[in-house]
Amino acid sequence: MTDAGKLWLKVISMAVIAISASLLIVSFALAARDQDYYPSNLWLGGISLADMSKEEAYALLQSELASSRGDKLILVVGKQEISLPMEEIGINYDIAASLDKIEEELFPGQGVATLVKHSVARGQRQEIKPVLSWNKEAVLEKVLQIKRDYDQPAVDARIVYNHDFLEYRAHQNGYLINVNASMNHISDALEKGILGPIEIIATEVHPRVKIEDIETVKDVIAVSARRINHLSPETSALLEKLNGLIIMHGEKLDLPAIMDSGCEAAMDVGSETKAQIKGAIVQACLQAGMQEKDKHSVMENKLQYPLLLTTSMSEHTLLVKIYGCQTELGKEITLLSEREDVYPEVQIKLNHRLSPQQRIIQQEGKKGFILRNYRVVTSGGKVVEKSLLSEELTPASDTIIIVGPGNIRK
């Protein structure tokens, strides 16, 4: 290379170095400024914090964050959206924690390393999701309310006896909201600053009696008749309740419980009429091969197939018929109950009146449980179907610990 070429290369190199140094100095100057004012490319919850101090950003977010980001929690049940005001269930924007999150995620540490990260962060838009705080108990109560409102129980298949004809009514599956899974899903979303739409988790449930279990009912295997002295609309309603009952293999027909239930029809039927109805049904059940438990009108079906109970009136005479339901050889349908423990979590709450490092257990946690009932079908001694029939949750109680300042570690 000639001397002239070397000179030009040296000039160009010095120019590049000078430009780079100038850019670096400017970047470090801006980065140093960013430690007091937020850079122009910083957004939190859709709101620009460009060139603001922390105090200015706090005031702006306090006035505009809810309108920008939303003030409702959106839950989805099936195809339906449920919109819940945040204040109704104790959800709030934690603005102080949100501003701390900026420092933790973008500019952790101190010194030259921080300045480098500030200068790099200025290159592209930095979007930070706001931090949310919420009242777990209030959210849980709302999910439990949604469960009460939206659970769809399964509907058993039925056979209704009507004017000497058997009318078949097919079963329908239902669904039950899974409270634990839904709470975990909601908590995960809120931890990420997301207000929805958040799906409520539901589990499909199946009926106790399916149409295929009873579609072969055809033969009357027992019949009884009993005169009813006092007829009334309440008596007719009670007989209608009894008409079409399916008693599966291994199940009991608890006549006293039905007769003395809290429903209006049963309560308004006289004791003499109840005794006449009960006597007719017990007689038919015994003819069909059912067994009476302890002579208390609780009938148990130990036959290898379901039974259908029908009731009808002819003038003042109650007619009770029991139909046999023959299932395939070796097939057995039973009920199974299972219990799953639900373990408590730990909540840490800050109390500025306590001294640093002081911890007080306000509430000891208590274990809850989920009770599930299943319909189990076995064939040849092997389980071929296990379908959820019902689910009941007894929630756990969290352990609550009150701590003084400086005792919470994120």
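Welcome to a chain whose secondary structure comes to eleven helices and 25 strands (DSSP runs numbered from the N terminus: helices are H or I of at least four residues, strands E of at least two). This is a predicted model, in which local features need pLDDT of at least 70, side-chain atom pairs count only at pLDDT 80 or more, and totals for chains, interfaces and linings use all residues. Residues are numbered from 1 along each chain as its sequence is written, and side-chain values use heavy atoms, with hydrogens and water left out.

**Confidence**
- The chain has a mean pLDDT of 80, with 81% of its residues at 70 or more (pLDDT is the predictor's confidence in each residue, from 0 to 100).
- Over residues 110-118, pLDDT stays under 50, and the model has 15 contacts beyond four places in sequence for this stretch (contact means heavy atoms within 4.5 Å).

**Whole chain**
- Of the 410 residues, 38% count as buried (under 20% relative accessible area, with a 1.4 Å probe and protein chains only).
- Among contacts in the chain with a separation of 6 or more, 72% come from residues 24 or more positions apart.

**A three-stranded sheet**
- Strands in the order β2-β1-β6 form an open sheet with mixed pairing (two strands pair if DSSP finds at least two bridges between them).
- Its edge strands, β2 (47-48) and β6 (126-128), each pair on one side only.
- Strand β1 (residues 42-44) runs antiparallel to β2, joined by two bridges.
- Opposite Leu44 stands Ile47 in β2.

Key
Buried means under 20% relative accessible area, exposed over 50%, partly exposed in between (1.4 Å probe, protein chains only).
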